[in-house]
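This report describes a protein chain whose sequence and coordinates are shown next. The text goes from loop residues to helix packing and then to the chain as a whole.

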Amino acid sequence: EMRLKLTPEETSAIYEWCGETCRSYQRVYELIPPTPLVRYPRTPGYREQEDDSWYYRCDIKGAEEGLLAGKTVAIKDNVSVAGVPMMNGSKLLEGFVPDKDATVVSRILDAGGRILGKAVCEDLCCSASSFTSASGPVKNPYDPTRSTGGSSSGSASLVARKVVDVAIGGDQGGSIRIPASWCGIVGLKPTYGLVPYTGVMPVEKTLDHVGPMTRTVEDCASLLEVIAGYDDGNDPRQFPSLPHPPYSKLVNYGIKGKKIGLLKEGFKDMDEEVARVVRQAALTLEEAGAEVSDVSLPIHNDGKAIWSPITFEGTYQMMVKGNGHGYGWKGTYDLQLQEALAKAYNLRPFDCPMTLKIAMIFSEYIQRNYQSKFYSKAQNLVQHLTKEYNRILKDYDVMVMPTLPSIAYKLPTSNNTLRETLKLAQGMVKNTKPFNLTGHPALTINAGFIEGLPCGMMIVGRMFDDLTVLQVARAFEKLRDC
C-alpha cells in the first residue's frame, strides 16, 4: 500500500529492526508517568436538568485565601476537572470522567476559587452559535429565542445571569468573545501561550486559547492573573518594554496619551447600527485622555480565509486522526482522553457534529489531492499577517473594531434548512478569527444595546501586553457606567 518497492533483503532487515524497536515501545508502555495530585476534595456531583447552561454541577472549594477567595467559578466543559464528567458537548464523550485537573483549574483552586460545575459548550467546540450541544441549545439571557453564541455558550450565560461570578472559556476562532459579546459580558482571549492549555481538549494546537469570561474588567484582570500563573508579579516571557503584571493592581491605571486605532476593515461588512454603536463607544475614550483615530490594514479582510485551511486540516489531523492530540506538541498529552476519543471515533463516527463531518470530508479530499500544501501556505501567511498587525501596533497601543457583525442571531427552528443552520453556526467570525491565528490578545466588552440586545466592542493589543488591553477596557467601562 505504501508503494516502497522493497527487496526481500530490505523486507527482512526492516522486520528485524522493527522487532528491536518494539522493545523500546514495550518499555514505554511499562513506565508510569507522574500523575498530578488532586489536592482539593470533591464529589462527582450531579447532571443538571433545569438550567440549559450547566452540563454537570459540583462544588469544589479551593484554598481559604487567594485572589479568587469567595468567587464562584464555572468551567467550560472541554476543560478537565478530576472526578467530574466531561462531555465537551458531544455524544462521543458522554460518560468520560477525567482523572486530573487542568492547569487552569488547579490555579483557580489554589487562588481560593470555588468551582460550581461544568458549563455547557458546543459539540466538540465546533460551532460559534449555541444550538449544537448534545444536551440541547443554550438560550440567550436577553432573549430566549436567540443564540447565546459559542462555543463557550454556557460559560457566557451563567456569568451574564449572575449564577456564577466568573467562568473559564476556550477560543479557537472567537469562542470566548462571541458568546461574551452576545451576552454583554467581558471575554478575553489572552496572548497565545500566556495561559497553559494543558488539560483542555484541543481543536488545533496553533489556534487553541483558554481565558476568562466575567462581568467586569477588574474580575477579568484578577482571573487572568491567576490562570496565567503570576506568583511574583513578573513573567520572563514578557517583552521588557511592556508594563508588567499583576493585572489586578494595575488595571485601573489611566490611559492618558494612549493611541487607539479604529481598524477600518474591521468596521466593514458589519450591520450599520453595530458599526455606529462601536465607533461611538470607542470615541468616548478620548474623554479618558486617549487619542482615537482611524487606521487601515487591508490584509485583515483575508484573516478568515487564512484561518480556514489551518482549522479544517489541522482539526482533522488533531481531533480525528490524532484522537484529540496529534503530534508535534511539546507538552502534556491526556492519554485517558485520547483513548476515550479513539474508541468513540471507531464505534460512532456518525455522532460527530455536522461541522466536523464537513471538515473531515473536505480535509481528506484536500490531503489526497493537494498534499496539505494549503495548510502549509496558510501557516506561512500567518507570519505575514502577524507582522502586519505588529506594524500597526508599533504606532498604536490597541486596535478597536466590532466584535461581531450583528446582534445575536435567532436560534434555528425546524423551518430552517440544513444549509441555513450551518451558516448560523459559523457566520459571524470575520473579526475574531484573525487573532486566533496571530495570537494577539483580544477582549470584547459591551459597547451598548441595539433592540435590547448587547453589542460587543473588541480591543486588540500587542503580544503579551494584555495589561494595556485590560486598561483600555476598564477606562471604557468606567465611562460607560458612570
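In which loop does Ser 372 lie? Ser 372 is placed in the loop between H10 and helix H11 (373-395). Helices (H or I, at least four residues) and strands (E, at least two) are DSSP runs, numbered from the N terminus. The model is predicted: local features need pLDDT of at least 70, side-chain atom pairs count only at pLDDT 80 or more, and totals for chains, interfaces and linings use all residues. Residues are numbered from 1 along each chain as its sequence is written, and side-chain values use heavy atoms, with hydrogens and water left out.

## Backbone features in loops

Most residues other than glycine have a negative phi, and most peptide bonds are trans. Ser 372 is not a glycine, yet it has a positive phi of about 60°. At 23% relative accessibility, Ser 372 counts as partly exposed; this class lies between buried (under 20% relative accessible area) and exposed (over 50%), with a 1.4 Å probe and protein chains only.

Leu 124, in the loop between E4 and H3, also has a positive phi, near 55°. Leu 124 counts as buried, at 0% relative accessibility. The loop between strand E4 (114-119) and helix H3 (153-160) also holds Ser 151. Gly 150 and Ser 151 are joined by a cis peptide bond, with omega at about 10°.

## Helix packing

Helix H10 takes part in two helix pairs, tabulated here. Axes are lines fitted to C-alpha atoms, for helices over the stretch in contact, and angles run from 0 to 180 degrees between N-to-C directions.

| Helix pair | Axes come within | Crossing angle |
|---|---|---|
| H10 (residues 354-370) and H12 (residues 418-426) | 11 Å | roughly 90° |
| H8 (residues 303-321) and H10 | 9 Å | roughly 110° |

The crossing at roughly 90° makes H10 roughly perpendicular to H12, a term for angles of 65 to 115 degrees (under 35 is roughly parallel, over 145 roughly antiparallel, and the rest oblique). From H10, Met 354, Thr 355 and Ile 358 meet Leu 418, Leu 422 and Ala 425 of H12; contact means heavy atoms within 4.5 Å. The residues of this contact divide into five nonpolar, one polar and no charged. Here Ala, Val, Leu, Ile, Met, Phe, Trp, Tyr, Cys and Pro count as nonpolar, Asp, Glu, Lys and Arg as charged, and the others, Gly among them, as polar.

For the other pair, the axes cross at roughly 110°, which makes H8 roughly perpendicular to H10. Residues of H8 in this contact include Phe 312, Tyr 316 and Val 320, and those of H10 include Ile 358, Phe 362 and Ile 366. By class, the contact of H8 with H10 has nine nonpolar, four polar and three charged residues.

## Contacts of single residues

Thr 432 sits in the loop between H12 and helix H13 (433-438) and is buried, with a relative accessible area of 0%. Its side chain reaches the backbone oxygen of Val 429 at 3.3 Å. Not counting residues up to four places away in sequence, Thr 432 touches Gly 173, Gly 174, Arg 177, Ile 178, Thr 403, Leu 404 and Met 458.

Ile 115 belongs to strand E4 and is buried, at a relative accessible area of 0%. Beyond residues up to four places away in sequence, Ile 115 touches several residues, among them Cys 58, Ile 60, Val 73, Ile 75 and Leu 109. Ile 115 and Asn 431 are 316 residues apart in sequence and 32 Å apart in space, C-alpha to C-alpha.

Asp 51, in the loop between strand E1 (46-47) and strand E2 (54-61), counts as buried at 18% relative accessibility. Leaving aside neighbours within four places in sequence, Asp 51 is in contact with Leu 158, Arg 161 and Val 163.

Lys 258 is in the loop between helix H6 (247-250) and strand E8 (259-263). With neighbours within four places in sequence left aside, its contacts are Gly 289, Ala 290, Glu 291, Asp 397 and Thr 468.

## The whole chain

The protein chain has 14 helices and twelve strands. Its radius of gyration is 23 Å, close to the 23 Å that the globule rule gives for 482 residues, so the chain is as compact as a globular protein of that length. The radius is taken over C-alpha atoms, and the rule is 2.2 Å times the number of residues to the power 0.38. Along its principal axes the C-alpha trace spans about 80 × 55 × 50 Å. Of the 482 residues, 57% are buried. Among contacts between residues at least 6 apart in sequence, 76% join residues at least 24 apart.

Notes. A polar contact is a pair of N or O atoms within 3.5 Å; within protein, one must be able to donate a hydrogen and the other to accept it, and residues adjacent in sequence count only if both atoms are side-chain atoms.
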